[in-house]
Amino acid sequence: MASRKASASSYQPNKSLFTLSDQEILTKIYATHVYDNEKLDVESLLIIAENILNRATLAVDNALLGTQATTEQWEEKTPKASFSPPLCTLKHISCEMNCKAGPSDEIAQETTMSILEKLSSYSWDAKAVLTLASFALEYGEFCALAQIQISDQLVNSVRNLKRVPVLLKHTILQRHQQAFVDLNKVIKATLEVIKCIFELEKLSNYDTKVLNHIEVDVYWAIITIVASTTQLSCIFSDEDKKQELNHYAVKLNVILPKLKNQIAICKEQREETEAYRKLVKLFQTSMQITEVIKGLIDPTNKMQPLNDWSTKTG
């Protein structure tokens, strides 16, 4: 295991991030992965992260664009009551993403590799969801602090530590409007990609081949979150220099349709597998020939019932 870690740690980016082939990315990230032996309720953590990001991006969009969208468009799910968030892990990831030098694709690559090393014993979908949740914690905290009344002195002190007051000034907020808009767009796209990754992980029970490319998609999701965190930090610091996010958005917009198509194929395969199993069971247990014929004609039970119109009158 030590040799694998050394290989990942010694990686020095010598090519542009967006010219790396999938195989080159796989070669890098495989060195960071050990075993999927860390237990985590990925679904509950994803639910919490999604709830936070949906509300946070909505609040920022409404404030900057003057829209009046509400949360009624979402059906918020509830995590398991017994779920305990891995707060220490989330803070470690947050530290990796926030305590770096300024905006740079090279730094984003190095940070992503460092995060993957820290999460080496988690499944691939868990790596993505943990990184997303760490970002959601940061972004959600900012939005919550920005909305609380200024008269609360405790909140004011926390705001000062988090550099929120800078963004409460209208002129500064307007100056960073486009940066926030770009940030929200890429956050929403990343969330959709990670939700698809999680769904494919669940569907892999029917066909493990669906996960053949998932590692690369996880890499792009995580590095996009890293770049988004850098963008947020630049905004907090009221810096003119920003992290370029358009290239990441373009990459995600290529990945997302492929993931959705793969999910559709997997669901179709699942239906066919379940229909076959049902048919086999029917042959083994049914004593009625009509049930067997029905199973052969319509194993998925999707056909509309046939009517014998010859017996109908006027």
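These legends walk through several close-up views of a predicted protein model.

The model is predicted, and residues are numbered from 1 along each chain as its sequence is written. Local features need a pLDDT of at least 70, side-chain atom pairs count only at pLDDT 80 or more, totals for chains, interfaces and linings use all residues, and side-chain values use heavy atoms, with hydrogens and water left out.

**View 1**
The protein chain has twelve helices and zero strands; helices are DSSP runs of H or I with at least four residues, strands are runs of E with at least two, and both are numbered from the N terminus. Among the 314 residues, 43% count as buried, meaning under 20% relative accessible area with a 1.4 Å probe and protein chains only, while exposed means over 50% and partly exposed lies in between.

The average pLDDT, the predictor's confidence in each residue from 0 to 100, is 81 for the protein chain, and 77% of the residues score at least 70. Helix α4 (residues 87–98) has the highest mean, 94, whereas helix α1 (residues 2–9) has the lowest, 41. Over residues 1–14 the pLDDT is below 50, and this stretch has 21 contacts in the model beyond near neighbours in sequence. Where pLDDT is low, the predicted coordinates should not be read in detail.

**View 1. The largest cavity holds about 50 Å³ of space.**
A cavity is a set of points, on a 1 Å grid over the protein atoms alone, where a 1.4 Å probe fits but cannot get out; lining residues have an atom within 4 Å of a point. Grid points are joined across faces, edges and corners, and a volume is the space filled by probe spheres set on the points. By this rule there are two cavities of 30 Å³ or more. Twelve residues line the largest cavity, and S104, I107, A108, V226 and T230 are the closest to its centre. Helices α5 (105–118) and α10 (214–236) each supply at least two lining residues, with the largest share, three residues, coming from α5. The lining divides into six nonpolar, five polar and one charged; Ala, Val, Leu, Ile, Met, Phe, Trp, Tyr, Cys and Pro count as nonpolar, Asp, Glu, Lys and Arg as charged, and the others, Gly among them, as polar.

**View 2. The second largest cavity holds about 30 Å³.**
Its lining consists of L53, L132, F135, V186, I187, T190, I225 and S228. Six of the lining residues are nonpolar, two are polar and none is charged.

**View 3. C234 and I235 sit in helix α10.**
C234 counts as buried because its relative accessibility is 3%, and I235 counts as buried because its value is 0%. Leaving aside neighbours within four places in sequence, C234 is in contact with P103, E239, K241, K242 and Q243. P103 is 131 residues from C234 along the chain, yet their C-alpha atoms are separated by 8.0 Å. For I235 and V164, 71 residues apart in sequence, the C-alpha to C-alpha distance is 10.0 Å.

Key
Contact means heavy atoms within 4.5 Å. On a 1 Å grid over the protein atoms alone, a cavity is a set of points where a 1.4 Å probe fits but cannot get out, and a pocket is an open set with protein on both sides within 12 Å along at least five of seven lines; lining residues have an atom within 4 Å of a point.
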